Amino acid sequence: MFKPHFILAIITLLVSLFNPAQATEQPSSHYGIHGMTLFGGEDGLFASHLPMYHQPHNVQMIMQFHFVDIQVDNAVKKRLQQQAIQPQQLWTIVPQPFDLMTLKPTIDNALPQLTIDVVEGHFERGGVSQFFEQAIMIDKIMLFSTLDMQQGQPKSSITDYLNIAASPTSPNQFLIKRLESRPEADHLLRVTSHDLSDISQITVATSSMHPSVTEIIAALNEQTNQPQLQQGDVIEVYLETGELQ
């Protein structure tokens, strides 16, 4: 006579045979340490997840946030503002491990806050920690896009850069490349002394993986009504290609 656990095993096997998709499909995991670039200035702070084309990091996510501790919030904003025209101004944050999908704005009960360390420089490449275990409140998810991990997808000859700023009149304005099919480039730039409030993004034609600063300046001059930007008006904050092959 068959035992109950043997009968259950047979039923499970039959279900998997008649429904192979259910048998092979596994829930995706996006739990891990999700380092992010930190940027902004005196009127607002932003973070951009450092993406890769494999789980748990196959998401491009940009958020606006603030520190719960007002003294830390002001100190970080001040440091970023002081470095606004310097060529080297990379900062990163390192949240405690969490599921990245809990930041997706379309889900119920999206994560409202994180606990992070703040690093001057890249947290995996010699950066120096400045603040530890700081609580931040997430004000807005500005972009959340799951990346297609397949290789060999067609590439467009144009690329879009999103305009990120705390307000249309903010003196701190940034351009970040919108990622498409692999290989890609995680590219963040600061635009100084120019009002980009009339655009939400710019489109740049390029034959390479990422446009040069010169190509981006040319696109800005064509697509905005501002006085002509010069070479020093656009500063490259971060560029990564090796992790997005």
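Q: Leaving aside neighbours within four places in sequence, what is phenylalanine 67 in contact with?
A: In this predicted model, phenylalanine 67 touches Leu45, Val72, Asp73, Val76, Ile116, Val118, Gln134, Ala135 and Ile136.

Q: Which residues have the most contacts inside the largest nonpolar core?
A: Leu38, Met63 and Phe67. That core has 24 residues.

Q: Which elements give two or more residues to it?
A: Strands S2 (36-41), S3 (44-49), S4 (59-67), S5 (91-95), S7 (113-120) and S8 (128-146), along with helix H3 (70-82).

Q: And which gives the most?
A: S4, with five residues.

Q: What about a second core, how many residues there?
A: The second core is separate and has 15 residues. Leu175, Val191, Ile216 and Ala219 are among them.

Q: Switching to sheets. In what order do the five strands of the open sheet run?
A: S12-S9-S10-S11-S13, with antiparallel pairing.

Q: Which are the edge strands?
A: Strand S12 (201-205) and strand S13 (234-240). Each of them pairs on one side only.

Q: How are neighbouring strands turned against each other?
A: By 25° on average, ignoring direction.

Q: How many bridges join S10 to S11?
A: Four. S10 covers residues 173-177 and S11 covers residues 186-191, and the two run antiparallel.

Q: What is the bridge partner of leucine 175 in S11?
A: Leucine 189. Leu175 also belongs to the second core.

Q: Which strands does helix H4 lie across?
A: Helix H4 (residues 213-223) lies across S9 (158-165), S10, S11, S12 and S13. Its angle to S12 is about 125°.

Q: Now rings. How many aromatic pairs are there?
A: The count is three.

Q: What is the geometry of the pair of phenylalanine 39 and phenylalanine 46?
A: Those two rings are stacked, 5.5 Å centre to centre with 20° between the planes.

Q: Are they buried or exposed?
A: Phenylalanine 39 and phenylalanine 46 are both buried.

Q: Which residues do ring pairs link into a cluster?
A: Phe39, Phe46 and Phe174.

Q: Last topic, confidence. What is the mean pLDDT of the chain?
A: The mean is 89, and 89% of the residues reach 70 or more.

Q: Where does pLDDT stay under 50?
A: Over residues 1-27. The model has three contacts beyond four places in sequence for that stretch.

Q: How should low-pLDDT coordinates be read?
A: Where pLDDT is low, predicted coordinates should not be read in detail.

Terms used
Residues numbered from 1 in each chain as written. Predicted model: local features only at pLDDT ≥ 70, side-chain atom pairs only at ≥ 80, totals over all residues. Heavy atoms only, no water. Pairing = 2+ DSSP bridges. Axes fitted to C-alpha atoms, helices over the stretch in contact; angles between N-to-C directions. Contact = heavy atoms within 4.5 Å. Core = buried A, V, L, I, M, F, W, Y, C linked by side-chain atoms within 4.5 Å. Buried < 20%, exposed > 50% of the residue type's maximum accessible area, 1.4 Å probe, protein only. pLDDT = per-residue confidence, 0-100. Phe/Tyr/Trp six-rings, centres within 6.5 Å; stacked < 30°, edge-to-face > 60°.
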